[in-house]
Amino acid sequence: MKKDTNLYDRLLILLVFLVGFGQIGGALQLSRIAAILVAPLLVTKYGGCRYAKGIAAGLGIFYAFCVFSLLWTPDRSEGIKEVLYYAVHLTLFMEIIVFARYANSPLKNISTGWLLAVLLCSGIAYWELTTGNHLDVSKEQKDYYNTGYEVLNFMRANATFYNYNDFAAFLCMAMPWLVYGLRDSNSGWVKRTAAILAVISSVIIILLNASRGGLVSIAIMAVIFFFMSAKGRSRWYSLLLLIPVVAVVYYLYNQSAFAVITARSSDGGLFEGEARYVIWYHAMQTLGDTFGLGTGIGGIEASMEKYAHGGITITHNLFIEIMLEFGVIVVVAFVVFLWRQFKRTLRLDSDRKMVLLMSLVAMPVYGIISSGYLLNAHLYVLMATIYVFASYERIKYPYGAVRTAA
């Protein structure tokens with residue numbers, strides 16, 4: 001009888017879980033080290049995955065373009081560093097989609113990895129919220145928000161990430177897979193209970209961090225969940241989960257965080273007084289200077305300085321970041337990849353369809369929360385997760401023996 005878990009199930013859990021350590025380790029983040037260590041296993045198993053051949057070819061062309069763009073990037077030293085990061089992150093992506101072929105329960109274990117990562121970060125977050133302390137990897141160590149007219153005190157949590165916006169974006173990326181864990185019929189009561197706690201914890205932290213983009217993303221996901229979950233009592237059970245969230249937020253929050261949200265709304269929602277549309281306009285101006293080819297790897301900040309004049313030189317938008325750094329063709333290829341996963345999602349009839357829609361439909365919103373995305377390992381884990389969930393039958397049963405995913 002086949003074991004419930006094998007080496008590849010455990011590797012999927014590990015590779016996903018380690019992104020919960022965020023910025024700890026700097027360049028030598030645990031997720032990057034793990035991806036390098038298991039790369040030889042990827043090489044030995046890649047040959048048995050026909051579905052991965054086209055993806056690998058596309059990523060190979062993209063990586064060759066990254067290296068070639070060193071010829072025109074205005075910041076070659078940053079570009080060389082990022083070339084190394086992309087090699088590791090693309091390897092991480094391939095490891096997840098290849099190991100899913102050989103794992104006994106890839107969907108279950110990928111969702112478990114996300115769950116463990118969120119639980120880890122939640123523990124650190126509550127330590128921050130109760131003590132006012134933060135890890136050294138966090139940029140901001142003081143809990144206040146300067147509106148320009150007054151200084152507002154409010155609780156915030158960065159967990160293992162650079163700032164609270166990075167953390168909020170991570171929680172939004174993880175949310176659909178937490179929901180899958182609590183809905184999966186193969187999950188035991190321990191995992192389901194942990195998933196419920198992780199969902200509630202994530203919502204509370206996003207509220208306490210006063211992340212408007214996070215709140216909108218969670219609202220979108222909640223609407224999809226409510227209308228696609230089974231009819232009857234389960235819908236109302238899902239609504240009952242919001243009661244402790246509202247109660248805790250009302251007790252802890254008082255007026256301070258709502259004042260922060262209002263203050264951010266009044267200036268366009270960004271730090272240092274610049275609205276996102278101003279930054280995106282500067283990005284488009286910069287892109288125009290490159291004739292749509294992109295600034296080259298590592299060249300965004302140096303290139304945007306021409307128009308930012310000492311202001312913000314990071315795009316705060318996943319899609320614009322890809323387009324500005326690598327050009328129009330690359331961002332179109334990325335959108336086509338997402339569109340193909342969306343079309344596959346629409347053909348499904350299960351909880352997989354629900355969680356994939358939660359992730360894909362909300363992506364344009366949680367894709368503008370953080371200042372930058374492309375150097376974060378969890379972005380590549382997210383893309384691999386979406387691919388595995390949307391293409392499960394193609395991965396596990398490439399010779400036509402299509403079955404329903406467990």
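Me: Which residues make the nonpolar surface patch of about 380 Å²?
Reply: The patch is made by L28, L30, I33 and L37. This is a predicted model, in which local features need pLDDT of at least 70, side-chain atom pairs count only at pLDDT 80 or more, and totals for chains, interfaces and linings use all residues. Residues are numbered from 1 along each chain as its sequence is written, and side-chain values use heavy atoms, with hydrogens and water left out. A patch takes residues with over 30% relative accessible area and no salt bridge, joining like charges within 9 Å and nonpolar side chains (Val, Leu, Ile, Met, Phe, Trp, Tyr) within 5 Å. The areas come from the Shrake-Rupley method with a 1.4 Å probe, and for residues only the protein chains shown count as cover.

Me: Where does L28 sit, and is L28 buried or exposed?
Reply: L28 lies in the loop between α1 (7–17) and α2 (30–37); helices are DSSP runs (H or I, at least four residues), numbered from the N terminus. With a relative accessible area of 61%, L28 is exposed. Buried means under 20%, exposed over 50%, and partly exposed in between (1.4 Å probe, protein chains only).

Me: Changing topic, how many salt bridges are there?
Reply: The count comes to 4 salt bridges, each a side-chain nitrogen of Lys or Arg within 4 Å of a carboxyl oxygen of Asp or Glu.

Me: Which residue does E78 pair with?
Reply: E78 forms a salt bridge with K81, with the closest N and O atoms 3.1 Å apart. Both lie in helix α5, 3 residues apart, or about one turn of the helix. K81 is partly exposed at 38% relative accessible area.

Me: And what does E393 pair with?
Reply: E393 forms a salt bridge with R352, where the closest N and O atoms are 2.8 Å apart. E393 belongs to helix α19 (residues 392–396) and R352 to helix α17 (residues 351–366), so the pair ties together parts that are 41 residues apart in sequence.

Me: Are those two buried or exposed?
Reply: E393 is buried, with a relative accessible area of 16%, and R352 is buried at 5%.

Me: What about K306?
Reply: Its side chain meets that of D289 in a salt bridge (3.3 Å, N to O). K306 lies in helix α14 (residues 300–308) and D289 in helix α13 (residues 276–289), so this pair ties together parts that are 17 residues apart in sequence.

Terms used. Helices (H or I, at least four residues) and strands (E, at least two) are DSSP runs, numbered from the N terminus.
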